[in-house]
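Subject: Structure handover

Hello,

Here is the structure for your files, followed by notes on what turned up in it. Please read the notes with the structure open.

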Amino acid sequence: MTRAWIVVWFVGAVFVAGCASSQYLPVKRAQAIGSCQTAVPERDTLVGVALSGGGSRAAIFGAAGLEALAGVRMPDGSSLIDSIAHISSVSGGSLAATYYALKKPGRGVKVLNGNGTLSDPYQEFFAQYQTDISQDFETPLIWRQLLHLRWLNSALAARTLAEILKERLYGDTRLQDLAVREKAGDSPGLIVNTTLYNNGRRLAMTSLPPEAFEYDFFEDLDRSLRERGRVVEPAPIMHERWTRLRPLTPIEIGIDPCLAGLNGIAAASASFPPLIGPITLRVGQEETYWHAGDGGLYENSGAESLLLLYLNQLQEKRARRALVIALESSFPFSVGERRLLRRSAPFSLWTFDFSRVPSIMEERATTYQALFFRSLQLQGVFPDSKTITVIVLRHTDAKWAADMRDLPPACTAEPQPLKTPEEVRERIAEIPTRLGLPSACDRELLRAAAVKLVAEHRDEIVAFLTRP
């Protein structure tokens, strides 16, 4: 083959790959949720777990966190995970959340033995859970992209990821299969969050109806002002802004969630452009298209949907208290600062870290969110911290022994083992956001950190749940 033909072949391959990119997924229009619609259980205390984004780092940490929570024994002898009503997730955490809701043993299987240890079925489940979630999804994704001439196509990368997740984790299961388990009490309700590029709102892939998230913020604001002898009418723009914070549900854009495949739901939540996604949907025969991508673009903890869901339940007097446990393993913003402080070279088109841009926006949004929620609790708009609270278990906050006796075996076997707690904390903070972690030390550090953090906060969690 001459050099000219090689060039022609290469250009043709690139052209074919590029042409394959502009595809949308047709979805039948629906007016109502099918038989999979669920409701928030009426309980005195609602417990939700939020799994953050962060690729395989988040999936492994989230799975280990759920296992550690399973080992928390309540005063009546039950496991804490028996009390979990919902799991909400974004991005990489959605891989772990969806797997857990689909495959955890049912309600008839005891979580704990009489001595407080995990029962054999749950030991087997969590061992398989960690094995499956710890797989390398990135390498097969890259190879499939190349072999199918999809490599220039971020939209098809999302489809490729969905294919891999179908083969390796979820099979042909759909959201309606999870609804059957939830209604039988075999699993918690699932909320997998994506982001709609059209309007910036969250699309919560769930079998819950739209009204479940319709917390009336202005009702509580007006009540709080009246109690203090003040009357203030918020500007119309504030009402519009608040509406944009409430997540949309599939049926609100004409999609019946029952038929959605779990592989596609998880892939949409974990798709981070320009590398993967977004996914484009065309509903019915209308010339209207929805573009859904990474669920953690501005709120990467997954807790926001749970907060709105539970604030609504408290407002409607369907629950008395609510607890959200956030297994938070987002890539620390401070790592980028540390790297940049040591960087002397100016940025160029080829060396600029574009992920720093959304990270800056996410950092500010997260800060404002925390200040907003806590300030309104103190002002009496939101219920106080004895009524609803968020306990954050952050992977970088785990405490390590000075003599390194708690360092995982895979880390001690490395050529240059970690020698101080500070080195361990830096190592954990530097674990990258990828769909596969090749380092056994990194994986074991995340699991050990989750166990440590649950143990550290155990008394706080149990005290909230058992308070009269």
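Helix H7 (residues 175-183) contributes four residues to the lining of the largest cavity, the largest share from any element. The model is a predicted one, and the count comes to one cavity of 30 Å³ or more. The volume of that largest cavity is about 40 Å³. Its lining consists of Leu175, Leu178, Ala179, Glu182, Pro188, Leu190 and Ser207. Sorted by class, these are five nonpolar, one polar and one charged residues.

Next, the second largest pocket. The space in the second largest pocket amounts to about 900 Å³. It has 36 lining residues, and those closest to its centre are Leu25, Ala260, Gly261, Gly264 and Leu281. Two or more lining residues come from each of strand S1 (25-27), H6, strand S5 (202-205), helix H10 (262-270) and strand S6 (279-283). Which element gives the most to the lining of this second largest pocket? That is H6, with six residues.

Two packed helices are described by the angle between their axes and the distance between the axes. For helix H3 (residues 92-103) and helix H6 (residues 154-170), the angle is about 40° and the axes are 12 Å apart. Angles under 35 degrees would count as roughly parallel, so H3 and H6 are classed as oblique to each other. Their crossing is right-handed. On the H3 side the contact involves Ser94, Leu95, Thr98, Tyr99, Leu102 and Lys103, and on the H6 side Leu165, Leu169 and Tyr170. The residues of this H3 with H6 contact comprise six nonpolar, two polar and one charged.

H3 packs against H4 as well. The angle between H3 and H4 is about 145°, with 11 Å between the axes. The crossing of H3 and H4 is right-handed. From H3, the residues Leu95, Ala96, Ala97, Tyr99, Tyr100 and Lys103 meet Phe125, Phe126, Gln128, Tyr129, Asp132 and Ile133 in H4. By class, the contact of H3 with H4 has nine nonpolar, one polar and two charged residues.

The axes of helix H2 (residues 55-70) and helix H4 (residues 120-133) come within 9 Å and cross at roughly 170°. Angles over 145 degrees count as roughly antiparallel, and H2 and H4 are therefore roughly antiparallel to each other. H2 supplies Ala59, Ile60, Ala63, Ala64, Leu66, Glu67 and Ala70 to the contact, while H4 supplies Phe126, Tyr129, Gln130 and Ile133. The contact of H2 with H4 divides into nine nonpolar residues, one polar and one charged.

Pro278 is placed in the loop between H10 and S6, and both H10 and S6 are among the elements that line the second largest pocket. The other detail is Ser91, which has a positive phi of about 50° although it is not a glycine. Ser91 belongs to the loop between strand S3 (84-90) and H3.

Regards

Definitions and conventions. Residues are numbered from 1 along each chain as its sequence is written. This is a predicted model: local features need pLDDT of at least 70, side-chain atom pairs count only at pLDDT 80 or more; totals for chains, interfaces and linings use all residues. Side-chain values use heavy atoms; hydrogens and water are left out. Axes are lines fitted to C-alpha atoms, for helices over the stretch in contact, and angles run from 0 to 180 degrees between N-to-C directions. Angles under 35 degrees count as roughly parallel, over 145 as roughly antiparallel, 65 to 115 as roughly perpendicular and the rest as oblique. A crossing is left-handed if the near helix is turned anticlockwise from the far one by less than a right angle, and right-handed if clockwise. Contact means heavy atoms within 4.5 Å. Ala, Val, Leu, Ile, Met, Phe, Trp, Tyr, Cys and Pro count as nonpolar, Asp, Glu, Lys and Arg as charged, and the others, Gly among them, as polar. On a 1 Å grid over the protein atoms alone, a cavity is a set of points where a 1.4 Å probe fits but cannot get out, and a pocket is an open set with protein on both sides within 12 Å along at least five of seven lines; lining residues have an atom within 4 Å of a point. Grid points are joined across faces, edges and corners, and a volume is the space filled by probe spheres set on the points.
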